[in-house]
Each structure stands twice: as structure tokens, then as C-alpha cells.
Amino acid sequence: MANPKDAVKEKSMIIQKEMLAKQFNDLSKAKETGKKVCYTFVPGNLIELILSFDMLPVYPEINALQSGMRKKSGGYIKDAEKMGHSEDVCTYVKCDIGMMLNGNIGPTGEKLPEPDLLLLSYTGCFTFLKWFENLNRLYPNAEIAMLHTPYQEDGKITKEQIDYMVKQLKEEVLPKFEKVSGKKFDSARLSKLLSNSVQSEDYWVKVLQLAKIKPSPIDAYFAGVYYMGPINTAFRGSDECLEYYKELYHEIKDRAEKKLLPVTPEGEMQKERFRLVVEGPPNWTNFREFWKIFYDMGAVIVASTYTKVGGVYDLGYRQNPEEPLESLATYCMGCYTNLNLPQRVDLIEKYVKEYQADGFLINSIKSCNSFSAGQLMIMREIEQRTGVPVGFIESDLVDPRYFSYANIKNRLESYFQMLEQRKIILSQESVTV
Amino acid sequence: MNSLEEILSWCEKTAFDLEFTHAKQWKSKDEKRVIVGYLPIYVPREIIHAANGIAVGIMGTGDRKQIIKGDAYYQSYICHLPRGIIEMALDNNLNGFDGFLFPAICDCVRNLSGMFKLSKKGKFQRYFDYAQNFDPFIGGTFYKHEMEKVIDDIYNVNGVKASVDGLNKAIKLYNINRRLIEEIYDIRQKYPWRLSAVETYHILRAGICITVEEHNEMLQKILNVIRNERGEAMDNIRVVVSGSFCEQPPVGLIKSIEMAGCYIVDDDFMLGSRWIQGDIEEDTNDPLEAITKAYLNQSTFASCYYDVGNPKGKRLVELVKRREADGVIFSAASFCDPALLDRPEMQKECDAAGVPHINFQYHENTGQFKVIKEQAGTFSDSIKLWA
Ligand code: SF4
Ligand code: SF4
């Protein structure tokens with residue numbers, strides 16, 4: 001491992017940092033500037049629409065994960081449980097509720113503004129519905145708009161589903177935006193933002209696909225969650241977002257040409273021993289320790305499903321500025337957790353094969369039925385279809401009570417041993433042949 | 001089968017026949033008949049009836065089957081219901097079913113639809129989405145389309161297309177069914193000792209495994225008995241049980257609540273059979289439209305139904321008042337996100353309305369009820385004391 005002190009901040013990192021700083025600054029001044037605030041969710045988010053109305057987004061899940069990384073989530077969750085929330089339910093919701101009970105202080109230490117609009121994009125997760133019912137009661141003065149995204153139960157997006165969503169956008173969502181923002185819907189502006197998105201999406205896919213190179217220049221999970229930030233949250237459609245992905249792509253391409261390995265918090269990896277595909281969100285409370293177990297063993301995640309919660313662009317979908325509302329509808333329906341189980345299996349199989357992975361690993365999250373229910377079947381299917389060793393660990397997103405370092409480390413070590421043995425066997429076989 | 005005792009014992013047997021023998025026998029009499037299994041909570045059974053089918057509710061294994069394979073498919077922090085259903089599927093209990101419907105109630109049921117697709121159980125496996133937009137031109141159109149997909153699925157199996165006449169006939173039969181069930185609940189509200197909660201449960205659960213015609217006949221016979229005095233009144237409190245709409249509580253739990261001194265005067269155990277409140281419009285030219293309207297405007301409150309504008313907590317309190325209940329028992333399956341996420345808000349509404357409540361969690365195969373019985377007993381005593 002190279003010395004962390006040698007690691008210089010890449011330009012893309014600086015751009016992202018500045019984008020986030022500006023975002024939180026804008027949020028902290030929203031009252032003074034009169035900017036309206038929209039709370040919404042990451043999967044199926046309508047960020048281009050929000051930006052077209054000059055509104056500022058707040059993502060409760062991002063608040064929760066940041067609380068997790070700042071070690072605040074444990075306390076927030078307990079506060080929500082004291083209020084009557086069960087230990088059994090999604091901890092993102094409880095963390096968010098706990099954070100609100102504690103003054104809704106954001107990651108910069110400043111209070112987040114209250115919402116003017118609650119935009120419930122009910123995409124790929126049933127809990128969102130409940131979460132927003134709760135938010136609606138906490139913020140009774142905010143307007144609330146519901147956008148129901150039908151599930152891709154047949155493994156395809158139908159015309160009827162698009163019609164349903166476009167009608168909801170026209171009749172339910174746009175009027176609420178107009179009312180809250182005091183502005184008329186500007187279709188041309190939305191289209192302009194969407195065409196920016198297309199370009200960012202192109203670069204994002206190119207970034208992800210650089211992990212097909214051996215050795216991979218990126219970790220598509222642990223670093224991937226940073227890379228996916230702008231496109232999956234507040235910035236898709238903006239010029240800065242495009243600049244960020246352009247820069248990121250060139251940096252990583254450059255690394256690939258120099259045959260450099262992924263950068264970790266402790267510097268650059270020196271050897272790629274295992275290439276893995278990972279399914280499921282990461283743990284946020286012990287994110288660094290968790291990542292370290294992998295890079296210490298030379299394991300690189302070459303593709304992950306979690307980075308597709310805001311859109312599976314590598315399957316070819318791009319926003320369509322010609323038909324902006326239809327495009328938003330199709331976008332929502334295409335997010336990873338809105339795919340049916342057979343589609344998820346097909347996608348993972350494709351990743352294992354195309355990214356030449358040595359193994360497939362599931363990090364099963366206690367909180368998240370949307371991801372977790374059915375994962376054991378996914379695991380069996382992938383094992384049968386690809387023959388790679390499969391691994392399974394369990395943790396939680398933001399509840400520190402469900403991260404057992406020793407347990408996870410033990411399991412991963414045995415898994416890596418299995419991968420190592422398979423490699424030896426495969427290499428012996430190829431010599432024999 | 002004429003006496004109440006005979007009917008009750010038949011219902012108990014049929015409700016927990018995990019081979020669904022009765023439905024399979026019904027199907028065997030005509031090659032164009034189909035069995036469509038559905039999971040909790042609700043599907044419009046009328047459309048299946050109209051296509052020469054029987055809609056059979058698959059409510060889980062309860063405590064009647066040891067789960068071995070199912071546990072290998074689900075992590076410990078996922079509720080019990082889907083693992084029992086996978087176990088049934090793997091043990092061939094569901095052979096003979098032509099298709100399966102998975103209503104949009106939670107992500108577990110949603111993903112289970114994919115597991116059935118991957119393992120190719122039945123000739124079709126369909127996730128049945130509930131519209132969460134209640135405008136007839138938006139959500140209504142969508143919901144109608146969801147029903148049309150099911151109608152096509154069945155047509156592809158048996159070549160029978162649900163006709164206007166067939167749908168109208170089915171609507172009438174299910175209207176009668178809901179009316180009869182509501183009459184049972186109305187009688188039990190006033191005279192809960194005439195039919196115990198467990199007996200009522202068996203009657204309703206058997207009803208989703210047999211034809212609606214048979215169930216209606218049975219309900220009539222039961223009503224003929226309980227319209228008259230039966231049993232003996234006890235000094236019990238009256239409660240509404242809420243939160244058990246999907247994974248069903250073990251019968252022992254229902255029994256324990258009653259034995260602890262609580263008459264259950266309303267509940268959401270077999271909510272699908274009571275989902276539509278009141279009648280669906282009969283004899284129209286567009287019966288699918290009539291079913292859609294009923295879904296949009298006459299659905300009961302439920303955790304899978306977006307409730308902004310008509311919050312569940314308030315509707316629960318109204319139900320408590322209408323049933324003249326003394327309190328609420330929140331009883332939810334462990335790890336049931338929809339029920340458990342709703343609970344704090346519903347409790348808050350109860351507090352605001354001065355309705356006492358307790359809560360507990362269960363698995364469908366829970367075998368020990370001592371603690372629950374004690375809790376319910378204390379609840380009953382405290383209400384009697386303060387009343
Ligand atoms: S259940 Fe999963 S997808 Fe849904 S809010 Fe929780 S963590 Fe997010
Ligand atoms: S019991 Fe709850 S979590 Fe489980 S399948 Fe039913 S609704 Fe979903």
C-alpha cells in the first residue's frame with residue numbers, strides 16, 4: 001500500500017467537494033434567499049425537474065447515511081425507538097426521524113431547512129410510502145406530491161405504465177411544483193437539463209466500464225459510492241455535474257493507462273488479487289473498517305448493484321430531452337430496486353461475466369427488504385449460472401448494533417481463502433490443458 | 001353439514017388444509033377450471049371467478065408446517081410468511097395451482113413474485129400493483145389495466161375470457177359474501193359470545209379456500225344460528241385488533257386474547273375478504289370500472305395504501321368508536337415493516353382520542369402465549385378498573 005500522505009486530491013474530488021459545499025450553503029440560506037426546498041428520495045428522483053423550478057433538494061436517505069458515517073445514527077435510532085418505532089424496521093427511517101427530533105442538523109452542523117414540498121417518488125421501495133406518511137405528519141404545512149412508480153414486474157416497461165406516470169406528473173406533481181415555486185413549468189428548461197444529464201450519464205457509464213480492465217483502476221463499490229453521488233442526488237442535469245464526470249473519467253482513464261490500482265483511504269492498492277461483484281448497500285457506520293478488510297486482502301469490487309439505485313445506465317437507458325416527462329417516467333421505472341428478481345439476476349450474471357469477476361458477494365442489509373428479500377435465491381442462481389464462488393455477509397446501513405466487525409472479517413477471510421484455492425485449481429487446470 | 005358445530009369443524013379443517021384439497025377437487029371437475037393463488041392482502045376475486053377460476057388465499061403455513069427449506073431462502077430478519085410459502089411451493093403443496101398473484105403490499109411479497117418467476121411455479125406469476133393515485137382517470141385507468149393483465153393471464157391458461165355477464169354475476173356473489181361477513185361482525189359487536197373470534201377466523205379463512213357460492217351458503221347457515229342467542233356473556237372488555245393483515249397470528253394467539261378477557265369485536269386478520277366497504281355497483285355495462293371505483297373509493301384503511309388525506313390512525317379510531325370497543329391491541333408480525341412503521345402514528349391517534357392500547361409481536365408459528373395472555377389480561381383488568 002502506498003503511503004496515504006502521497007495521495008494528492010484529484011481534481012474531481014475537489015469539484016465534488018465544492019459542489020456539496022455550495023449545496024449545503026444554499027440550503028442553509030434558503031430562508032434568506034427565498035429558495036424553496038423539496039424533500040425527496042434517491043431512487044427515481046426527479047432532480048432535473050426540481051432544478052428546473054429552481055428548488056433545492058434534500059434527500060432524507062443521504063442525511064441518514066451521513067449521520068451513520070458521522071457516528072450519530074446510533075443515538076438517532078434509539079430516540080426514534082423511544083418514540084415507539086420498532087427495532088425491526090428500516091433504520092434509515094428511524095435515523096431520519098431521530099435526526100429531526102434532534103433539531104434536523106445536517107452534516108455541516110447547520111439546521112436543514114424545513115420542506116416546502118414533499119415529493120414522494122415511490123420507487124422500488126415500499127418503506128418510502130410509510131416514510132413520507134411520517135414526514136407529512138411532521139411537516140403538516142408542506143405540500144405533498146405523490147408519484148407512484150409501477151414495478152417492472154414483467155421485466156419490461158410498458159406504454160400503460162409510462163402513461164400512468166406521465167398523467168401523475170401532469171396532474172399531480174407539476175401543479176404542486178408550480179404552486180410551491182410560484183413558477184410555471186418550463187419544458188424547454190427541463191429538456192436542457194436532461195440533455196446535460198445524458199452527457200453525464202455517458203461519462204458515468206464509461207467510468208464504470210473502466211473496471212473491466214485488469215487490474216481495475218477503480219473500486220466500483222467503496223469508491224463507487226462517492227463517484228455516484230452527483231448523478232444520483234442533487235446535481236444530475238447541472239453543468240457542474242457534467243464537468244465532474246468528464247474530469248473523473250479522464251482521471252481514471254489516465255490511471256488505467258498507467259496501470260494504477262484503486263485509491264483507498266490508505267493510499268493506492270498495490271496488487272489486485274480478487275475481482276468481485278457485490279450486491280447490496282454498504283454499511284455506513286463502519287464504512288472505512290469495512291472497506292479496509294477488502295483492500296487489505298487485495299480485493300477490488302469491479303461492479304456493484306448498489307451504485308445503480310439511481311439508475312442502471314450501463315444497460316443503455318439515457319434521459320430523452322425530446323420527451324421530457326416520458327423520460328422521467330422511464331428513468332424512475334429503470335432504477336435497480338424497481339427491477340424484478342429475474343432482471344436483477346440477469347444483471348449480476350452479466351457483471352460477473354463481463355467484468356471477469358472471481359466471486360460474487362452479497363452484503364445483506366437487515367434494514368432493507370427491498371434489497372434483501374430474495375437475495376439468497378439470487379445467490380444460488382448466480383452460483384449456478386456462473387460457477388464463481390459466492391459469499392454472504394450481513395450488516396446494516398446505519399444501525400451500529402448490527403455491524404459485527406469480527407464476524408464479518410472471519411467470514412470474509414474464509415471467503416477469500418476459497419477464492420484463492422479456486423484460483424490455484426483453475427491455474428493448475430489450465431496448465432494441464 | 002347443517003349444524004353449526006359441523007360447519008365450524010369443517011371450516012377449521014379446510015382453513016388449514018395446506019394441500020388445498022377442496023379447491024383442487026373443485027378444479028378437477030372441469031378441465032377449463034383454474035386455481036389462482038393470491039397472497040395477502042387483497043385481490044379483486046371477482047375477475048378470477050368470472051374467468052372460471054377459484055381464487056385461493058395463501059395466508060402462510062401458520063404453525064401447521066415445519067419450515068426447513070424456507071429458512072434457507074430467507075435471512076433471520078425477514079418475516080415468517082414468505083419462508084412458509086416457499087416451503088409449500090417446494091413441497092408441492094401448490095401443485096395444481098395455475099397462477100399466483102402477489103399484491104403490492106410490501107417488498108417481501110413483491111420479491112417473492114420474482115422468486116416464483118425464477119422457479120417457474122405455476123403458469124403465471126404476477127405482481128398485482130395497487131394504484132396509489134386515486135383519481136379515476138389516472139389511478140383508475142392503471143388499476144383497470146392491472147386487472148386486465150390478470151384476465152389475460154387466465155385466458156392464456158383456459159381460453160375463458162371474463163365477460164360482462166360473468167363479471168356482473170361475480171360482483172353480485174361477492175357483494176353477498178361481504179354483506180354476510182359484515183353481518184357476522186355486526187352481530188359479534190353486540191353479542192360477541194355468540195361466535196368466538198377463533199370460530200369467526202376459521203369461517204373467514206375457510207372462505208378463501210372454497211368457492212364463493214359455497215361460502216355464502218355456509219355463512220347463511222351460520223347467521224341463521226347466531227341471529228339467535230347462543231353461548232353465555234362474560235365480563236370481558238371489547239377490543240379491536242390491528243396490524244395482523246398479512247402474516248396471520250397463530251390461532252393460539254387469538255384464543256389467548258379472548259381467554260384473557262378481551263372480546264375481539266373487529267380485526268384485520270382476513271382483511272382481503274372485507275377490503276371493499278359496502279357493495280360494488282351491480283349490473284353495469286362496465287363491471288371492471290365498477291370494481292375499480294370500489295377500489296378507489298371504498299377500500300378499507302390498510303398499511304399498503306397511501307393514506308395522506310385520510311390517515312389510518314383516524315380511521316382506526318373511528319372503527320373503535322363504531323364498534324364501541326374499549327381499546328386496541330396492536331398485534332403485528334415480527335419484521336413486518338408496513339405494520340410496524342404504521343404503529344407509532346396509529347398509537348398517537350389512539351392516545352389523542354383516549355383509546356387505551358397495548359402491542360405485541362408474533363410469528364405465525366409462535367407457540368408460547370403466556371406473556372401475551374398476561375399482557376392482554378392486565379390490559380383487560382386495567383380497563384375494567386378505570387371504566
Ligand atoms: S427499505 Fe431499503 S430502500 Fe427502502 S428506505 Fe430502507 S434502506 Fe432505503
Ligand atoms: S408480514 Fe409484513 S413484511 Fe411480511 S410479507 Fe407480510 S406485509 Fe410483508
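Contact here means heavy atoms within 4.5 Å. By that rule, 55 residues of chain A and 53 residues of chain B take part in the contact of this predicted model.

A few ground rules. Residues are numbered from 1 along each chain as its sequence is written, and chains are lettered from A in the order in which they are written. In this predicted model, local features need pLDDT of at least 70 and side-chain atom pairs count only at pLDDT 80 or more, while totals for chains, interfaces and linings use all residues, and side-chain values use heavy atoms, leaving out hydrogens and water.

Together the two chains bury about 4700 Å² (accessible area, 1.4 Å probe, lost on being put together and summed over both), with 58% of that on carbon and sulfur atoms.

Now for the charges. The interface holds eight salt bridges (a side-chain nitrogen of Lys or Arg within 4 Å of a carboxyl oxygen of Asp or Glu). One of them joins Arg137(A) to Asp307(B), at 2.8 Å from N to O.

Helix H7 of chain A (residues 127–138) gives the largest share of that chain's side, seven residues. Helices here are DSSP runs (H or I, at least four residues), numbered from the N terminus. H7(A) packs on helix H13 of chain B (residues 337–352), with the axes, lines fitted to C-alpha atoms over the stretch in contact, 10 Å apart and at about 5 degrees (angles run from 0 to 180 degrees between N-to-C directions). The two are therefore roughly parallel (under 35 degrees).

| Helix | Residues in the H7(A)–H13(B) contact |
|---|---|
| H7(A) | Thr127(A), Lys130(A), Glu133(A), Asn134(A), Arg137(A) |
| H13(B) | Asp337(B), Pro338(B), Leu341(B), Asp342(B), Glu345(B) |

Methods. Angles under 35 degrees count as roughly parallel, over 145 as roughly antiparallel, 65 to 115 as roughly perpendicular and the rest as oblique.
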